[in-house]
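Please consult the sequence and the model shown below alongside the text.

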Amino acid sequence: MNTVQTQMDAWLDDVVIGLNLCPFAAKPRRNQQIRLDICYATDDDAILEAIYHAFVHLTQTDATITDTTVVVVPDALAGFDHYLALVEATDALIDHYGWRGRFQVASFHPEYCFDGCAPEDSENLTNRSPYPCFHLIRESSMSRALEHYGQDPALIPERNVACVEALTPSQRQTLFPWINDDQN
């Protein structure tokens, strides 16, 4: 059975951690500190409410229990521009509740396309996920991880692009089966 949970688990394990796209994800994943909240809402207000509740959970839960949360929206936000509007609204939530400096949001979407890139450009794969999702990150956890990272973190995006560009068509199909074949 290929559920949303199993697809997201595979993406985290095989793409994010397996390709080392986020060098900080393996430890919290191993320690079961990454929470996946699957939000089946289809309207923007309900999705933002779910994101708000995920932030509240993070404020009330020690990082040793839940270090980070990924809110997954499998039934809505198929259009990338619509999704980006909700990323902006999520950023506004952070400001509204005084969470700037405490939390940040990272964005992942099946049709992720960096500004200035064509949809088929390989670098977009670094932020493509099976479903639209919002990664809610504790800035304190990120700061701690960066202290122990031994390399220049500014080079991570460049390294990630090189990694996905080096994938064979077969590897791309295996790792990103939800992406249209002509973009693999």
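Of the 184 residues in the chain, 44% are buried (under 20% relative accessible area with a 1.4 Å probe, counting protein chains only). The model is predicted, with local features requiring pLDDT of at least 70 and side-chain atom pairs pLDDT 80 or more, whereas totals for chains, interfaces and linings use all residues. Residues are numbered from 1 along each chain as its sequence is written, and side-chain values use heavy atoms, without hydrogens and water.

**Fold and dimensions**
- The chain contains seven helices and four strands, which are DSSP runs (H or I, at least four residues, for helices; E, at least two, for strands).
- Their order along the sequence is α-α-β-α-β-α-β-β-α-α-α.
- Along the principal axes, the C-alpha atoms fill a box of roughly 45 × 40 × 35 Å.
- Among contacts (heavy atoms within 4.5 Å) between residues at least 6 apart in sequence, 71% join residues at least 24 apart.

**Surface**
- The chain exposes about 9,600 Å², of which carbon and sulfur atoms supply 50%; the areas come from the Shrake-Rupley method with a 1.4 Å probe.

**Cysteines**
- The whole structure has zero disulfides (pairs of cysteine sulfur atoms within 2.5 Å).
- Cysteine 39 is buried, at 8% relative accessibility, and its sulfur lies 12 Å from the closest cysteine sulfur, in cysteine 133, too far for a bond.
- The sulfur of cysteine 113 is likewise too far for a bond, because the closest cysteine sulfur, in cysteine 117, is 5.8 Å away.

How values were computed. Buried < 20%, exposed > 50% of the residue type's maximum accessible area, 1.4 Å probe, protein only.
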